[in-house]
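Me: Please take a close look at a single part of this model. I would like the salt bridge first, then the parts around it.

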Amino acid sequence: MTVFGDFVKAGSVAAPPAMPRAAGLFKRAITQSASSTFFSPELAESVAVTCAAELGLRPTLADLSSVEPAA
């Protein structure tokens, strides 16, 4: 399967083929104007912890998924 994404969608196209659980699911992925910033698991966790703390939440999927986007 080949998937294509530009601008904001490019990150959504680039990330899955790099995930170990998606190994073999994609033949190729094409991105256009992709962001050059991808977080390591450690940095992503740090960002989640910081954001959750500012909202008075735990850095869990359950807590963070309950937050309104405007917050």
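Reply: The side chains of Asp-63 and Arg-58 meet in a salt bridge, with 3.0 Å from N to O. The term stands for a side-chain nitrogen of Lys or Arg within 4 Å of a carboxyl oxygen of Asp or Glu. Side chains of opposite charge can pair when their charged atoms come close. By this rule the count comes to one salt bridge.

A word on the source. This is a predicted model, where local features need pLDDT of at least 70 and side-chain atom pairs count only at pLDDT 80 or more, while totals for chains, interfaces and linings use all residues. Residues are numbered from 1 along each chain as its sequence is written, and side-chain values use heavy atoms, with hydrogens and water left out.

Back to Asp-63. Asp-63 sits in helix H3, residues 61-64. Helices (H or I, at least four residues) and strands (E, at least two) are DSSP runs, numbered from the N terminus. Asp-63 counts as buried because its relative accessibility is 15%. The cut-offs are these: buried is under 20% relative accessible area, exposed is over 50%, and partly exposed lies in between (1.4 Å probe, protein chains only).

What does Asp-63 touch, leaving aside its neighbours within four places in sequence? Asp-63 is in contact with Leu-57 and Arg-58. Contact means heavy atoms within 4.5 Å. Ala-52 is 11 residues from Asp-63 in sequence, and their C-alpha atoms are 8.1 Å apart in space.

Now helix H2, residues 41-54. H2 has 14 residues, which at 1.5 Å a residue should span 20 Å; its end C-alpha atoms are 20 Å apart, so the two agree. The expected span is 1.5 Å times one less than the number of residues in the helix. Just after H2 comes Gly-56, with a positive phi of about 75°.

Next, the surface. Phe-39, Leu-43 and Val-47 form a nonpolar patch there, with about 260 Å² of accessible area together. Patches take residues with over 30% relative accessible area and no salt bridge; like charges are joined within 9 Å, nonpolar side chains (Val, Leu, Ile, Met, Phe, Trp, Tyr) within 5 Å. Accessible areas come from the Shrake-Rupley method with a 1.4 Å probe, and for residues only the protein chains shown count as cover. Phe-39 lies in the loop between S2 and H2. Its relative accessibility is 49%, so Phe-39 counts as partly exposed.

Strand S2 covers residues 28-32 and includes Gln-32. Gln-32 is partly exposed, because its relative accessibility is 40%. Arg-28 has a relative accessible area of 46%, so it is partly exposed. Arg-28 and Ala-14 are 14 residues apart along the chain, and 9.5 Å separates their C-alpha atoms.

Last, the chain as a whole. The chain holds three helices and two strands, in the pattern β-α-β-α-α along the sequence. Of its 71 residues, 8% are buried. Among contacts with a separation of 6 or more, 43% join residues 24 or more positions apart. The accessible surface comes to about 5,600 Å², and carbon and sulfur atoms hold 61% of that.
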